[in-house]
Protein chains: 2
Amino acid sequence: MTAAATRRLLILAEGYSADPHHGKTMRGVVDYGQDAVVAILDSERAGESHKGIPIVGEVAAALAFAPDTILVGVAPTGGKLPRVWREQLQDAIRCGLNVENGLHDFVTADAELVDLAARCDVQLRDLRRPPADLDVATGANLDLPATTVLTVGSDCAIGKMTASLELDRELRARGVRSVFVPTGQTGIAIAGWGIGVDAVVADYIAGAAERLVVEGYRRGGEDVLLVEGQGSIIHPGYSGVTYGLIHGSAPHLYVLCHLAGDTHIEGFPRHPLLPLAELVSLHERVSLPARPARVACIALNTRKLDEAGARMAIAAAEAETGLVADDVVRFGPGRLVDALQAQLPA
Amino acid sequence: MTAAATRRLLILAEGYSADPHHGKTMRGVVDYGQDAVVAILDSERAGESHKGIPIVGEVAAALAFAPDTILVGVAPTGGKLPRVWREQLQDAIRCGLNVENGLHDFVTADAELVDLAARCDVQLRDLRRPPADLDVATGANLDLPATTVLTVGSDCAIGKMTASLELDRELRARGVRSVFVPTGQTGIAIAGWGIGVDAVVADYIAGAAERLVVEGYRRGGEDVLLVEGQGSIIHPGYSGVTYGLIHGSAPHLYVLCHLAGDTHIEGFPRHPLLPLAELVSLHERVSLPARPARVACIALNTRKLDEAGARMAIAAAEAETGLVADDVVRFGPGRLVDALQAQLPA
């Protein structure tokens, strides 16, 4: 990914290019990535466009835009590779495109794809394949002089990565030495480095998180490390990853993210969300005794509401928690960054 | 493991046969396993014995006891295979012994060992190798009519598995349809089935736990499922596994385990333990809203104390928490099982 700025991406988003949840990798790379996104592959929306980028129905139709790489830009539950997408990847390989894949199903472990890629002289890369030398956490992150800020939330796919990216960008615009620390497939696709902490051996979650924080510091995050959060500590499927990421990254501050209007974990109707104020106190409670952390502010995603509704939801979140709340996409990250900076060491 | 009762084990415990922490697999298999343990391999204690089992300094010296399998009976931090143990395994393979290994370093992924095993016509088995078809949790466990009891604790290697095994045995002796549900290498070595939840892809921790609970029910745990706990929710390295296991197994009741006298996480001197009463409330707090759980009783490990000290520690734990506490090994599981049964559905 060192030559990231020169790449031309075709993003595979079959069936999900209009879905902000499962299509979040596509959206993140379009909005925050450094590569040129030349086309999006989704046969259900062929002929339409997303933010000016043409949507095509098959790989052949994308060739007019001269892509050099196809990126799997979809994050289905569980991370399995469906048959249709696999066929689209085969088409892309035959057309000479490199493949980047963020699913748990590795393309580099698929003998047929590996063989085809070799014959077509293209590269396969699995964004979630963990480094081979991971180990248990050691506490190396506790001694960094930077302030670690972790986004946490009430559910998956509600804007934790986006909040981290927006806050990082605004902090840097204000002259703060901040770095975005990627922990998932989309963050890695955007930033060009990172470890997918949900894909490591379970015993090494915290060890991977610790390593990422240390690397973020070395990459220039000498004041602030904005760690991309994952999942939720009340998510019945993914909470182990979230919790290990909390203890492994050992944040000083949390930014609590929530999609306004949501009442249950998406896809798990038997699992209600907790009220925001309870989520604040629960996160502060589960911090390691050696690294107490407090919630600095609330990043509220108001995309389901109109503007008046959004302002009401933000005011309600502030009243409920006593913390500054805002929608960093809709109204900009300024107020949350003000709140963060007020809680950084002088 | 179907022919478990006929096997004759040599347990590799090099350097750790006297260590109740890192030698816990050896001790668990000796105390609770169904196989005959014919010898223990630890060159530092050659000529001594453990519970009547001879300790030998090299594989050749064990052959007089006719072992058919060598079991790696040590659980080092991080689960890596040291060079010396690897050489001892090579010796054992050359002597015709099958290998069972519970480390994260898989013997079946070690080309040299695989090749040697093939030439010597012996089997290699990795207890921690997860099933290939794991996936994200679905909530299948929430509908089981059995009561799920999970052991949790203040640290690793303090007696969670032992407490689960002792409580299970006593419940069955009282006519309760109970099953021990193994979640780690030692539990698997003892019971002959299970998944090492610390070795699965992090996203699948809860999915693996859920599957184990469902399987435990099918194996006869129609009244009680005694799930072997892992790690601690305040452990800086392993807490993600613990937390995912809590949400994935969705217990109704916890048994809180603690090694009396411990004040810090072993090996992590910067990480203090929480007081027992705080651990009780923290575990009850982090239960999923869809499955609230309470701590049923305290399993106190008093092995560092004399008998008078043990009785004082137990009384102090009861006074601090208001719950029944006891040492199930030293004083038997009777009082804790009484407390558990009082909290089962009528």
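Trainee: Which helix of chain B lies across strand 8, strand 11, strand 14 and strand 15 of chain B?

Mentor: Please bear in mind that this is a predicted model. The helix in question runs at about 175° to strand 14 (294-301) of chain B. It spans residues 334-342 and is helix 11 of chain B.

Trainee: What is the strand order of the open sheet of six strands in chain B?

Mentor: The pairing in this sheet is parallel. Its edge strands are strand 9 (178-181) and strand 15 (325-326) of chain B, each of which pairs on one side only. Read across the sheet, the order is 9-10-8-11-14-15.

Trainee: Which residue takes a positive phi in the hairpin of strand 3 and strand 4 of chain B?

Mentor: This hairpin has two residues between the strands. The phi in question is near 50°, and the residue that takes it is Lys51(B).

Trainee: Turning to chain A, is Ala62(A) buried or exposed?

Mentor: Ala62(A) belongs to helix 2 (residues 59-62) of chain A. Its contacts beyond four places in sequence are Leu10(A), Ala39(A), Leu41(A), Val56(A) and Pro67(A); Ala39(A) is 23 residues away in sequence, yet 6.3 Å away in space, C-alpha to C-alpha. Because 25 other C-beta atoms lie within 10 Å of its own, Ala62(A) is buried.

Trainee: Why do the buried residues of helix 9 of chain A lie on the same side of that helix?

Mentor: The buried residues are Leu276(A), Leu279(A), Val280(A), His283(A) and Val286(A). They pack against strand 8, helix 8, strand 11, strand 14 and helix 10 of chain A, together with helix 9 of chain B. They lie on the same side of helix 9 of chain A because they cover an arc around the axis of only 145°.

Trainee: Which element gives the most to the side of domain 1 of chain A that touches domain 2 of chain A?

Mentor: Chain A is divided into domain 1 (4-126) and domain 2 (140-342), with C-alpha centres 27 Å apart. Contact involves 14 residues of domain 1 and eleven residues of domain 2 of chain A. The element that gives the most to the domain 1 side, with five residues, is helix 1 of chain A.

Trainee: How many residues of helix 1 of chain A are buried?

Mentor: The helix covers residues 24-32 and is mostly covered. Its buried residues include Lys24(A), Arg27(A) and Tyr32(A).

Trainee: Finally, which helix gives the most to the side of chain B that touches chain A?

Mentor: In this contact, 40 residues of chain B meet 40 residues of chain A. By class, the chain B side has 23 nonpolar, twelve polar and five charged residues. The element that gives the most to that side, with six residues, is helix 8 of chain B.

Technical notes
Residues numbered from 1 in each chain as written. Chains lettered and ligands numbered in written order. Predicted model: local features only at pLDDT ≥ 70, side-chain atom pairs only at ≥ 80, totals over all residues. Pairing = 2+ DSSP bridges. Helix = DSSP H or I, 4+ residues; strand = E, 2+ residues; numbered from the N terminus. Contact = placed C-beta atoms within 7 Å. Axes fitted to C-alpha atoms, helices over the stretch in contact; angles between N-to-C directions. Buried ≥ 20, exposed ≤ 12 C-beta atoms within 10 Å, placed from the backbone. Nonpolar A, V, L, I, M, F, W, Y, C, P; charged D, E, K, R; others polar. Arc of directions from axis to C-beta. Domains from an automatic or database assignment.
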